[in-house]
Amino acid sequence: MPDAVPPCPQCHSSAQVVRILYGMPTYEAFEAAERGEFVLGGCMVSYDSLVWHCKTCGEGFGLRVPSRGAAEEHA
């Protein structure tokens with residue numbers, strides 16, 4: 001089940017909030033981004049990569065945080 005779309009912390013709109021897609025996009029991903037279904041975030045994902053983008057005001061928000069279990073495995 002997809003995550004509920006949160007409201008933008010800047011303009012409080014949720015109607016124009018979409019996910020940010022990371023990784024090498026396919027041709028289909030480029031087309032979907034052109035249609036505004038999501039935005040492309042680049043090829044690299046890090047702990048401070050954002051999850052959501054507001055198309056109304058341009059704000060990016062929501063951090064991707066590694067799971068606690070993964071961090072403990074490397075400790």
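## Overall architecture

Read along the sequence, the protein chain follows the pattern β-α-β-β-β-α, with 2 helices and 4 strands in total. Helices (H or I, at least four residues) and strands (E, at least two) are DSSP runs, numbered from the N terminus. The model is predicted: local features need pLDDT of at least 70 and side-chain atom pairs count only at pLDDT 80 or more, while totals for chains, interfaces and linings use all residues. Residues are numbered from 1 along each chain as its sequence is written, and side-chain values use heavy atoms, with hydrogens and water left out.

Of the contacts (heavy atoms within 4.5 Å) with a separation of 6 or more, 38% join residues 24 or more positions apart.

## Confidence

The mean pLDDT, the predictor's confidence in each residue from 0 to 100, is 84 for the protein chain, and 81% of its residues reach 70 or more. Among the elements, helix α1 (residues 27-34) has the highest mean value (96), whereas helix α2 (residues 68-73) has the lowest (45). Over residues 69-75 pLDDT stays under 50, and the model has 0 contacts beyond four places in sequence for them.

## Nonpolar core

The largest nonpolar core consists of 6 residues: C8, V17, V51, W52, C54 and F61. Such a core is a set of buried Ala, Val, Leu, Ile, Met, Phe, Trp, Tyr and Cys residues joined through side-chain atoms within 4.5 Å. Strand β3 (residues 50-54) gives the most to this core, with 3 residues.

Not counting residues up to four places away in sequence, F61 touches P6, P7, C8, P9, V17, L50, V51, W52 and C54.

## Surface

The accessible surface of the protein chain, from the Shrake-Rupley method with a 1.4 Å probe, comes to about 5,500 Å², of which 58% belongs to carbon and sulfur atoms. L21, F30 and L40 form a nonpolar patch on this surface, with about 240 Å² of accessible area together. Nonpolar patches join Val, Leu, Ile, Met, Phe, Trp and Tyr side chains within 5 Å, from residues with over 30% relative accessible area and no salt bridge, the latter being a side-chain nitrogen of Lys or Arg within 4 Å of a carboxyl oxygen of Asp or Glu. L21 lies in strand β1 and counts as partly exposed because its relative accessibility is 32%.

## Backbone at H12

H12, in the segment before β1 (17-22), has a positive phi of about 65° although it is not a glycine. Most residues other than glycine have a negative phi. H12 counts as exposed, at 62% relative accessibility.

Key:
Buried means under 20% relative accessible area, exposed over 50%, partly exposed in between (1.4 Å probe, protein chains only). Patches are made of residues with over 30% relative accessible area and no salt bridge: like charges are joined within 9 Å, nonpolar side chains (Val, Leu, Ile, Met, Phe, Trp, Tyr) within 5 Å.
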